[in-house]
Amino acid sequence: MSYEPKPRSGRSHVTDIRGDKRIQRMTSSQKMSVREITEAFRLQISKSTVLRRIIESGYMTHAKMARRLPLSKLHISKRLKWTRNHMSYGDKWMAVLFSDEKNGISMDLT
């Protein structure tokens, strides 16, 4: 009597092993988002499928950013003082580069 695995119930995966490895590579080496991976994939797969494959691999883990404490009264007063001192900055603001460190986005106002 030879052993053969029982057929699994449920729907089969849209991606095969090679596709799963490709998703892992895109996530780790190219720092691509789930949306970008979905668009780059040749097959018609959803974002939730890509996210599920990343989680199933156990290679990548999702971690929320640590919450920041609210500003203290001292910090609020220092910020207000700074803004009041720079309100009359005028056209000099056009040379200022604003950046959002959390998202890595920067705006150049020139």
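R53 sits in helix 3 (residues 47–57); helices here are DSSP runs of H or I with at least four residues, strands are E runs of at least two, and both are numbered from the N terminus. This is a predicted model, where local features need a pLDDT of at least 70, side-chain atom pairs count only at pLDDT 80 or more, and totals for chains, interfaces and linings use all residues. Residues are numbered from 1 along each chain as its sequence is written, and side-chain values use heavy atoms, leaving out hydrogens and water.

**How confident is the model?**

- The chain has a mean pLDDT of 77, and 81% of its residues reach 70 or more; pLDDT is the predictor's confidence in each residue, from 0 to 100.
- Confidence is highest in helix 4 (residues 73–85), with a mean of 90, and lowest in strand 2 (residues 105–108), with a mean of 50.

- Leaving out residues up to four places away in sequence, R53 touches H13, V14, T15, D20 and I23, where a contact means heavy atoms within 4.5 Å.
- Side chains of opposite charge can pair when their charged atoms come close.
- D20 and R53 make a salt bridge, with their closest N and O atoms 3.4 Å apart; the rule asks for a side-chain nitrogen of Lys or Arg within 4 Å of a carboxyl oxygen of Asp or Glu.
- Since D20 belongs to helix 1 and R53 to helix 3, this pair ties together parts that are 33 residues apart in sequence.
- R53 also forms a salt bridge with E56, at 3.5 Å between the closest N and O atoms.
- R53 and E56 are three residues apart in helix 3, about one turn of the helix, and E56 is partly exposed, with a relative accessible area of 48%.

**Another pair, in helix 2**

- The salt-bridge count comes to three, and one of these joins the side chains of R35 and E39, at 3.3 Å from N to O.
- Both R35 and E39 lie in helix 2, four residues apart, or about one turn.
- R35 is partly exposed at 45% relative accessible area, while E39 is exposed at 58%.

**Helix 3 and what it packs against**

- Which residues of helix 3 are buried? They are T49, V50, R53 and I54.
- Seen down the helix axis, these buried residues fall within an arc of 140°, so they line one face of helix 3; the arc is that of the directions from the helix axis to the C-beta atoms.
- They pack against helix 1 and helix 2 (34–40).
- I23, in helix 1 (residues 17–29), is buried at 0% relative accessibility.
- Not counting residues up to four places away in sequence, I23 touches T15, I37, F41, V50, R53 and I54.
- After helix 3 comes G58, with a positive phi near 75°.

**A nonpolar patch on the surface**

- L71, I76 and L80 form a nonpolar surface patch with about 240 Å² of accessible area together.
- Patch members need over 30% relative accessible area and no salt bridge; like charges are joined within 9 Å, and nonpolar side chains (Val, Leu, Ile, Met, Phe, Trp, Tyr) within 5 Å.
- The areas come from the Shrake-Rupley method with a 1.4 Å probe, and for residues, only the protein chains shown count as cover.
- I76 is in helix 4 and counts as partly exposed, at 38% relative accessibility.

Definitions and conventions
Buried means under 20% relative accessible area, exposed over 50%, partly exposed in between (1.4 Å probe, protein chains only).
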